[in-house]
Amino acid sequence: MTDGNNSERRDSEQEPITFVDNRKIDPEDRNLSGDQSQPGEVREPSAAEAADGPGPGTGNGAESVIDTEKGAELLADATTKELAERTADLQRLTAEYANYRRRVERDRKTAIDTAKAAVVTELLGVLDDLDRARAHGDLDSGPLKSVADKLATALHKQGLEEFGSEGEPFDPTLHEAVQHEGSGHDPVIGIVMRKGYRFGERVLRHALVGVTDGGADNGAAETTEASDADAGANKQ
């Protein structure tokens with residue numbers, strides 16, 4: 001008991017702890033003289049604090065922003081490149097499809113023209129018979145004349161053309177000469193034995209003709225005119 005009483009006596013004899021605040025309070029604004037900020041006001045950093053620079057976490061934030069911008073630029077470049085490639089592919093496919101359509105249309109037209117030419121070629125013999133009948137006067141009147149005219153009109157509408165008439169210049173790609181009179185260098189058709197026909201740009205049948213020299217005929221005509229002029233002068 002004596003020891004416990006002694007311990008309590010020593011604790012009560014210890015001096016109490018006190019705190020002294022040497023700052024002075026301004027009687028007007030009730031703030032401490034060392035602190036100029038208002039209650040609830042955000043205090044701006046001082047010059048010394050600003051000189052110390054940003055905190056340790058600020059640099060990492062700037063670097064992350066730069067990395068984000070670089071990533072956005074790379075993504076934009078990749079997107080632009082891919083868009084250009086897709087555009088080129090689309091243009092190539094469009095050109096190929098246009099060429100395909102033109103080729104199909106050309107082949108279709110060629111097939112149609114070939115079929116028409118084959119049918120018309122089979123009718124050339126009928127046209128020859130009608131020409132011979134016309135030459136004999138059998139198509140001057142009557143129902144046969146109407147049929148012949150309608151047939152010729154229908155074939156001409158489909159693109160059939162006849163060629164080879166007297167006086168035309170001789171063309172070996174269109175005419176087939178079976179006789180030749182004279183020795184001039186300007187051959188012309190003197191007689192037509194069978195007409196030639198073409199369908200568009202395709203020659204279905206060459207014309208059978210007799211060729212004479214146009215230059216020789218012109219020379220004979222000039223000689224005749226000169227003889228007539230001399231005869232007239234002698235009469236005077």
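**Close-up views of selected sites**

Figure 1. Tyrosine 97 is placed in helix 3 (residues 58-122); helices (H or I, at least four residues) and strands (E, at least two) are DSSP runs, numbered from the N terminus. The model is predicted: local features need pLDDT of at least 70 and side-chain atom pairs count only at pLDDT 80 or more, whereas totals for chains, interfaces and linings use all residues. Residues are numbered from 1 along each chain as its sequence is written, and side-chain values use heavy atoms, with hydrogens and water left out. Together with Tyr100 and Val104, Tyr97 forms a nonpolar surface patch, the three having about 320 Å² of accessible area together. Such patches consist of residues with over 30% relative accessible area and no salt bridge, like charges being joined within 9 Å and nonpolar side chains (Val, Leu, Ile, Met, Phe, Trp, Tyr) within 5 Å. Accessible areas come from the Shrake-Rupley method with a 1.4 Å probe, and for residues only the protein chains shown count as cover.

**Figure 2. The annotated span 76-110.** An unreviewed UniProt entry assigns the annotation "coiled-coil region" to residues 76-110; UniProt positions follow the numbering used here, feature names are shortened, and annotations may be inferred rather than shown by experiment. In the model, residues 76-110 are 100% helix and 0% strand, and the end C-alpha atoms of the span lie 51 Å apart.

Figure 3. Aspartate 89 pairs with arginine 92, with 3.0 Å between the closest N and O atoms. Both aspartate 89 and arginine 92 belong to helix 3, 3 residues apart, about one turn of the helix. Aspartate 89 is partly exposed at 28% relative accessible area, as is arginine 92 at 44% (buried means under 20%, exposed over 50%, partly exposed in between; 1.4 Å probe, protein chains only). In helix 4 (residues 124-135), arginine 134 and aspartate 131 are likewise 3 residues apart, about one turn of the helix. Their salt bridge has its closest N and O atoms 2.9 Å apart.

Figure 4. The side chains of arginine 198 and glutamate 161 form a salt bridge of 3.3 Å, N to O. Arginine 198 is in strand 4 (residues 196-199) and glutamate 161 in strand 1 (residues 160-163), so the pair ties together parts 37 residues apart in sequence. Arginine 198 is partly exposed at 27% relative accessible area, and glutamate 161 is partly exposed at 40%.

**Figure 5. Buried histidine 175.** Histidine 175 lies in strand 2 (residues 175-181) and is buried, with a relative accessible area of 4%. Residues up to four places away in sequence aside, histidine 175 touches Phe163, Gly164, Glu168, Pro169, Phe170, Ile189, His206, Ala207 and Val209, where contact means heavy atoms within 4.5 Å.

**Figure 6. Glycine 214 in helix 6.** Glycine 214 lies in helix 6 (residues 214-235) and is buried at 9% relative accessibility. Beyond neighbours within four places in sequence, glycine 214 contacts Asp186, Pro187 and Val188. The C-alpha atoms of glycine 214 and valine 188 are separated by 5.7 Å, although the two residues are 26 residues apart along the chain.

Note on methods: Salt bridge = Lys/Arg side-chain N within 4 Å of Asp/Glu carboxyl O.
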